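Subject: Structure handover

Hi,

Here is the structure I promised to pass on. Have a look at it first, and then read my notes below.

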Amino acid sequence: MKKLINNPEEVVKEMASGLLYAYPTYLRKLDNVDVVVRKSSPVEGKVGLVSGGGSGHEPAHAGYVGKGMLDAACLGAVFTSPTPDQIYEAIKAVDGGKGVLLIIKNYTGDVMNFEMAKEMAEMDGIKVSEVIVNDDVAVENSTYTQGRRGIAGTVFVHKIAGAKAEEGAELEEVKEVAEKVIKNLRSMGMAFTPCIVPAAGKPSFTLDEDEIEIGIGIHGEPGTHRENIKNAKEIVAELMDKIVSDLPFNDGDEVALMVNGLGATPLSELFIANKEVNEYLMGKNINIYKTFVGEYMTSLEMSGFSITLLKLDDELKGLLDASADTPAFKQL
Amino acid sequence: MLLTKSDVVNILDDIVKIVEDNRQYLTELDAAIGDADHGINLDRGFKAVRDKMPQFSDKDIGAILKNVGMVLVSTVGGASGPLYGTFFMRMGNVVSGKNTLDENDIIAMFEAGLSGIKERGKAQAGDKTMIDAMEPALNELKRALSEGRGLKEAIEAAANDAYNGVLMTKDIAAKKGRASYLGERSIGHQDPGATSAYLMIKTVADYVDKLQQ
């Protein structure tokens with residue numbers, strides 16, 4: 001394992017320190033727990049937004065803590081959900097009197113830990129609601145799965161629910177708009193190479209030189225199937241066929257698009273993918289309202305990418321356009 | 001036969017060791033169908049149990065187990081943190097205030113712990129989870145004890161059934177947790193959660209076996 005670390009056991013702590021040194025005007029850390037909160041939290045009269053998950057997805061989630069997005073991010077061990085006590089401390093730290101919304105990605109561990117924290121905070125009399133993001137279309141809802149995974153589309157939930165909360169909306173309203181985003185959100189990803197979790201020290205799975213993994217999640221866990229390498233146009237078409245037919249997205253729809261790198265895909269290749277996605281959508285007469293290309297929800301150094309589409313209406317457009325100022329997402 | 005408080009502490013210490021020894025093995029099992037951290041996470045949690053044990057080892061058995069559960073919940077993370085944490089907390093609840101455990105206590109603890117796991121994980125036998133090792137073990141333990149076979153033999157039989165449960169997880173598709181996203185592709189792989197549950201039950205059996213020699 002070749003990595004820029006000191007000690008596999010200290011990765012999260014040291015990363016958090018570096019993050020705080022980089023963004024002292026945005027973030028502060030809670031004592032004794034790996035939770036990063038908005039410098040000014042709790043913001044009085046604003047619903048608090050708490051998200052988080054395993055580390056290794058940077059800039060998610062701490063990068064989205066700031067005005068117009070999250071109030072707190074809980075940093076779990078690498079690819080491991082945070083613990084209930086951590087999330088409980090985050091909830092207490094950001095409750096500005098109007099309650100707290102938990103934005104959870106649909107992974108068993110995340111759901112269980114966040115729900116335990118919710119129970120703990122409710123015993124203190126804090127109003128807590130939750131939404132569970134399940135944008136990944138790779139895995140069908142079947143008897144085998146507990147619903148779909150939450151992946152990069154979660155960033156749109158942070159952005160839009162964050163904008164709604166910033167307007168001073170009530171907890172129920174913020175939850176409602178977050179659920180509207182989730183209902184209209186679809187993503188799918190693929191990988192060219194695996195990644196190495198520092199504590200494990202070796203790749204989470206192996207792929208031959210000419211193999212790709214389709215339908216990958218964001219934890220280096222295997223995808224839905226494996227196939228032979230093909231070109232960018234064909235890969236994009238395979239992902240888009242699944243994404244577009246799933247909602248489904250129709251002729252005349254307006255969408256927000258995110259082409260998200262998983263950690264080791266050059267921006268040049270993400271732009272090539274973006275060109276293919278644009279041409280694909282043009283062919284279907286689906287109009288892209290706003291495009292985001294870059295690394296929003298990574299998987300350590302995994303090479304690969306995901307595509308996310310969010311179907312917009314006027315309310316969602318307005319909230320997507322609202323200003324945001326966080327370390328990893330800025331919009332005037 | 002009774003288990004004393006110091007037996008419980010010794011067993012927990014043995015569990016810390018067995019998890020440490022199998023950290024890599026459990027992680028490799030998880031890599032095949034999950035996200036390759038089961039051994040790493042459990043090892044982190046049980047090391048924390050060992051570090052914090054002096055703070056509560058003089059309390060009663062119920063309190064010790066509840067504390068172990070809380071340490072696991074707050075250090076393991078993932079799915080196994082809340083699941084094993086709940087397991088130990090619920091076990092602690094039913095033996096609150098006790099300093100020795102008889103056979104009925106052991107059955108009651110195991111039953112409470114397992115039902116806690118089922119509630120928390122919303123899972124049942126056959127979903128390819130730790131329940132597939134625990135449930136057959138509990139059933140066998142109850143059966144063997146009701147036949148009057150004695151604790152040593154009963155726990156040994158329970159551990160054997162837990163192992164058979166682990167082997168059975170190879171033949172079925174996962175319905176819970178990360179592995180469920182693989183659907184049929186998870187067939188052929190042994191469940192890491194069932195494996196860690198078996199290792200813990202086996203540790204209890206080995207301890208009781210040594211105790212009676």
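Let me start with the rings: A:Phe156, A:Phe292, A:Tyr296 and A:Phe329 are linked into a cluster by ring pairs. Rings of Phe, Tyr and Trp (its six-membered ring) count as a pair if their centres lie within 6.5 Å; planes under 30 degrees apart are stacked, over 60 edge-to-face and the rest tilted.

Some housekeeping before I go on. This is a predicted model, where local features need pLDDT of at least 70 and side-chain atom pairs count only at pLDDT 80 or more, while totals for chains, interfaces and linings use all residues. Residues are numbered from 1 along each chain as its sequence is written, chains are lettered from A and ligands numbered from 1 in the order in which they are written, and side-chain values use heavy atoms, leaving out hydrogens and water.

Back to the rings. Searching the whole structure gives nine aromatic pairs over all chains. One of them is B:Phe87 with B:Phe88, an edge-to-face pair at 5.6 Å centre to centre and 90° between the planes. B:Phe87 and B:Phe88 are both buried (buried is under 20% relative accessible area, exposed over 50%, partly exposed in between, with a 1.4 Å probe and protein chains only).

Next, A:Val36, which sits in strand E2 (residues 35-38) of chain A. Strands (E, at least two residues) and helices (H or I, at least four) are DSSP runs, numbered from the N terminus. A:Val36 has 1% relative accessibility, so it counts as buried. Among the residues it touches, leaving aside those up to four places away in sequence, are A:Leu19, A:Leu27, A:Arg28, A:Ala62 and A:Val65; contact means heavy atoms within 4.5 Å.

Now two helix pairs. Axes are lines fitted to C-alpha atoms, for helices over the stretch in contact, and angles run from 0 to 180 degrees between N-to-C directions. In chain A, helix H2 (residues 84-94) packs against helix H3 (residues 108-123) at an angle of about 50°, with the axes 8 Å apart. That is why H2(A) is oblique to H3(A): angles under 35 degrees count as roughly parallel, over 145 as roughly antiparallel, 65 to 115 as roughly perpendicular and the rest as oblique.

In chain B, the axes of helix H1 (residues 5-21) and helix H4 (residues 61-75) come within 10 Å and cross at roughly 20°. So H1(B) is roughly parallel to H4(B). B:Lys5, B:Val8, B:Val9 and B:Leu12 of H1(B) make the contact with B:Ile61, B:Ile64, B:Leu65 and B:Val68 of H4(B).

Finally, some backbone details. Two peptide bonds in chain A to look up: A:Glu58 to A:Pro59 is cis, with omega near 10°, and A:Ala60 to A:His61 is cis, with omega near 0°. A:Pro59 lies in the loop between strand E3 (48-55) and strand E4 (72-78) of chain A, and A:His61 lies in the loop between E3 and E4 as well.

A:Asn285 has a positive phi, near 60°, without being a glycine, and is partly exposed at 47% relative accessible area. B:Lys128, also not a glycine, has a positive phi near 70°, but is buried at 1%.

Cheers
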